Amino acid sequence: MYDFAYHKPASVADAVKILASDPEARPISGGMTLLPALKLRLNKPTAVVDLSGIAELRGVKREGDKLVIGALTRHFEVATSAEVKAAIPALAAMANTIGDTQVRNRGTMGGSVANNDPSADYPAALLALGATIQTDKRTVPADEFFNGMFTTVLEVGELVTAIHIPIPEKAGYAKMRNPASRYSMAGVFVAKGAAGVRVAVNGAGANGVFREKAMEAALAANWSPDAVAAVKVDAGLMNGDIHGSAEYRAHLVTVMAKRAVVDAG
Amino acid sequence: MPQVTLTVNDTKHTVEVEARTLLVETLREQLRLTGTHVGCDTSQCGACVVHMGGDSVKSCTILSVQCDGSDITTIEGLAAADGTLHPMQEAFREYHALQCGFCTPGMVMSAIDLVNKHPDGMSEKEIREGLEGNLCRCTGYHNIVKAIAAAQDVMQGRVPELVRAAAE
Ligand SMILES: Cc1cc2nc3c(=O)[nH]c(=O)nc-3n(C[C@H](O)[C@H](O)[C@H](O)COP(=O)(O)OP(=O)(O)OC[C@H]3O[C@@H](n4cnc5c(N)ncnc54)[C@H](O)[C@@H]3O)c2cc1C
Ligand code: FES
Ligand code: FES
């Protein structure tokens, strides 16, 4: 790993100031993605700005018909939070499948959202749940925030501060894990709520997380596993690699969608 | 160079580190606590697991500067001063839960965190899922799972002492 300067600001304002003064500085939350990348020298930041001392970025609260989750909330906390379990049990259950115990003890929702790994779990949940991502500057709907593989609308130095998630009537998730890396090969999150039925897919798309609108229409007409089973996913839009062909992933998306509907009940 | 203060196994240390120094490097190279191992470069094997503030973490994937002011427990901090093993260590010995031993410090540290976070005990399935971040190339895991199941009963007071392994 190349060396860098280290800062640990106590407020979002201070963190933003440091990041604005140096475009090569990078924030660190749980470090479960950034540090492995630095160890492989994939990245050479001049400074690392540790967000973990910023109290205003922590915590889960219920505000009326939505949950507000601070960017620094760890996967373990989402998995075990009484508020999340009561309001969106599928989100708590999903958090409990991210990586492993130690990754969940450190990794955060803000870090995962900012990173937008195509196989990451939360982006699919937030897209399906119609969440809004709050940054230090603005609020952005998930539909606009996630912008292809490892890409979001975040500008250099802009921080995710919280995630606002409308509480759905029902929601469910299923994924097929790569047997070695354990990341999703195809995962589907389904939700039914005020914004209608929304279906989001991770791990499979050639361009990162995406909404499967044909399945949304099918489920809106008939909320059942059979309804999604009839939808054929276009392999031309899927990613193919050594772990699975585009055709295999297209097939998996349908199977995972059926299971997600069963999970949602 | 940044200075960090760590309380490791109840002893306070102040050390100078580079910002890029990993916790496992401070533990092994500066504090000479070489029970914590490094088995991979990809944050996947769990040989490096220690406790930070009571949570199991991969010490190869945390900077020492991120740990400033925190409480760390390593495998060296488990046994009593007179050498009496922690119930988890005793169970690993009793159930033959190690062969080469390389993964063992991380396995034991992960296992203790899992037991602490499941006060009503874990099923075999929960133990196996909880160990997802710890790889072992020797044992095939069965005896590790048996050891943890036996240790949790002692740690949580369901049995007065470790149930001995059946002779096979
Ligand atoms: C072995 C292993 C297995 C894993 N398995 C899974 C899995 O199955 N599913 C899954 O979804 N993930 C998985 N992950 C990734 C894990 O969930 C990460 O914790 C997560 O992707 C990033 O969160 P973090 O807090 O660790 O972010 P960091 O590593 O600290 O940061 C990640 C990136 O986001 C930036 N960043 C961090 N915080 C913010 C912020 N608040 N605002 C703006 N930018 C920010 C950083 O600069 C960096 O570029 C795995 C990781 C490991 C090591
Ligand atoms: S050395 Fe492999 S996970 Fe830390
Ligand atoms: S005992 Fe050899 S790696 Fe686990």
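Biologist: What is meant by the buried area between chain B and chain A?

Modeller: Buried area is the accessible area that two parts lose on being put together, summed over both. This is a predicted model. Here chain B and chain A bury about 2,300 Å² between them. Carbon and sulfur atoms give 54% of that area.

Biologist: What makes Arg177(A) and Glu132(B) a salt bridge?

Modeller: The rule asks for a side-chain nitrogen of Lys or Arg within 4 Å of a carboxyl oxygen of Asp or Glu. In this pair the closest N and O atoms are 2.9 Å apart. That is within the 4 Å limit, so the pair is called a salt bridge.

Biologist: How many residue pairs are in polar contact between chain B and chain A?

Modeller: The count is 13, with both residues at pLDDT 80 or more.

Biologist: Why is the site of ligand 1 called shared?

Modeller: Residues from chains A and B surround ligand 1, so the site is shared between chains. There are 28 residues around the ligand. Those that come nearest are Pro27(A), Ser29(A), Leu34(A), Thr108(A) and Asp121(A).

Biologist: What makes Ser29(A) a polar contact of ligand 1?

Modeller: A polar contact is a pair of N or O atoms within 3.5 Å. A polar side-chain atom of Ser29(A) lies 2.7 Å from a nitrogen atom of the ligand. The pair therefore meets the cut-off. A backbone N or O atom of Val160(A) lies 2.8 Å from a ligand nitrogen atom. A polar backbone atom of Gly99(A) is 3.1 Å from a ligand oxygen atom.

Biologist: How much of ligand 1 does the protein cover?

Modeller: On its own, ligand 1 has 970 Å² of accessible area, and the protein covers 93% of it.

Biologist: Which element gives the most to the shell around ligand 1?

Modeller: H7(A), with three residues. By class, the shell has 13 nonpolar, 12 polar and three charged residues.

Technical notes:
Residues are numbered from 1 along each chain as its sequence is written. Chains are lettered from A and ligands numbered from 1 in the order in which they are written. This is a predicted model: local features need pLDDT of at least 70, side-chain atom pairs count only at pLDDT 80 or more; totals for chains, interfaces and linings use all residues. Side-chain values use heavy atoms; hydrogens and water are left out. Buried area is the accessible area (1.4 Å probe) that two parts lose on being put together, summed over both. A polar contact is a pair of N or O atoms within 3.5 Å; within protein, one must be able to donate a hydrogen and the other to accept it, and residues adjacent in sequence count only if both atoms are side-chain atoms. A residue is near a molecule or strand if one of its heavy atoms lies within 4 Å of it. Accessible areas come from the Shrake-Rupley method with a 1.4 Å probe; for residues, only the protein chains shown count as cover. Helices (H or I, at least four residues) and strands (E, at least two) are DSSP runs, numbered from the N terminus. Ala, Val, Leu, Ile, Met, Phe, Trp, Tyr, Cys and Pro count as nonpolar, Asp, Glu, Lys and Arg as charged, and the others, Gly among them, as polar.
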